[in-house]
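Have the sequence and the 3D view open as you go through the points.

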Amino acid sequence: MTYSNSTMEIPAKIVINGDSDNCASNRFEDVEIEAGLTLRILDIQFEEDGFVEAPIERFGISCVLDGQFEGRVEGLSELVGDESQLRVFYWTGVRSVQLSYAAGPHLRNVQLLISPDLVREKYCGSQPILPELLQSAFDSDEGGYFLDVRGLPPGLRVVSEQAIRCVLPGALRQSYLHGKALELMSLGIDEIRQAEPSKQAILLSVTDVERVRQAREILLENRASPPTLSQLSRAVGLNEFKLKQGFRFVF
């Protein structure tokens, strides 16, 4: 789908809200590369504050070239996207993400949305190549939340720029973007595979999130004499590191 330069239409399965019908200009495009693999191109400038709500129960590689946004997943804390940023995420057990955009700044963001089954088929076989933290997310039957945020490597920036700027027509463009999508998938996974998890990398199961919320309730009920971190950790059955990570992520 390609949208007009003057009016942002509402694409199927994606809801865009603003105070008027002309809340944004330029392009919000989903290109289905193959079954389970979608290339999403955002080259967009909002004329007034607004938000986009879209399906998210997938593995994703997001390259933010320019601009900023804030996100919220199923009532969790706000997630901030910034320029020159690589964001690798895997949300399971959630239905959608709401992304908020401020009027004025131009956002250029290329995302690759991949079905979990396709990732398992390609990268979780007898010789899995995913980093340990992400592999744990795919191995979990319960599901949960994985996020790793780091600087955007030059190679991923180049491929993302090429995808945005492609002007080939019809089938030629589809073939070209197919190649770019595969490049993005390979380079993105290789980036997080070769390096240590970023300081912002996190993996929480659905149960972990419930325990973090339980910890908050304990704190609220015991404001006069709050438990220590160690006591709180034992009370909810989470180690101290994951409890601190969970508080930052959930609240």
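Ser84 is partly exposed, with a relative accessible area of 36% (buried means under 20%, exposed over 50% and partly exposed in between, with a 1.4 Å probe and protein chains only). This is a predicted model, in which local features need pLDDT of at least 70 and side-chain atom pairs count only at pLDDT 80 or more, while totals for chains, interfaces and linings use all residues. Residues are numbered from 1 along each chain as its sequence is written, and side-chain values use heavy atoms, with hydrogens and water left out.

**Ser84 and its loop**
- Ser84 sits in the loop between strand 7 (79–81) and strand 8; helices (H or I, at least four residues) and strands (E, at least two) are DSSP runs, numbered from the N terminus.
- Although Ser84 is not a glycine, its phi is positive, at about 60°.
- Most residues other than glycine have a negative phi.

**Strand 11 and its partners**
- Strand 11 (residues 144–151) is mostly covered, with seven of its eight residues buried.
- Strand 8 (residues 85–91) runs antiparallel to strand 11, and seven bridges join them; strands pair if DSSP finds at least two bridges between them.
- Leu86 has Arg150 in strand 11 as its bridge partner.
- Four bridges link strand 11 to strand 12 (residues 202–205), again in the antiparallel sense, and Tyr145 stands opposite Leu204 in strand 12.

**Helix 3 with helix 4**
- The axes of helix 3 (residues 154–165) and helix 4 (residues 170–194) cross at roughly 160° and come within 10 Å; axes are lines fitted to C-alpha atoms, for helices over the stretch in contact, and angles run from 0 to 180 degrees between N-to-C directions.
- Helix 3 is therefore roughly antiparallel to helix 4 (under 35 degrees counts as roughly parallel, over 145 as roughly antiparallel, 65 to 115 as roughly perpendicular and the rest as oblique).
- Among the residues that meet here are Leu156 and Val159 in helix 3, and Leu177 and Leu184 in helix 4; contact means heavy atoms within 4.5 Å.

**Helix 5 with helix 6**
- Helix 5 (residues 206–221) packs on helix 6 (residues 229–236) at an angle of about 130°, with the axes 9 Å apart.
- These two helices, helix 5 and helix 6, are therefore oblique to each other.
- On the helix 5 side, the contact includes Arg211 and Ile218, while helix 6 brings Leu232, Ala235 and Val236.
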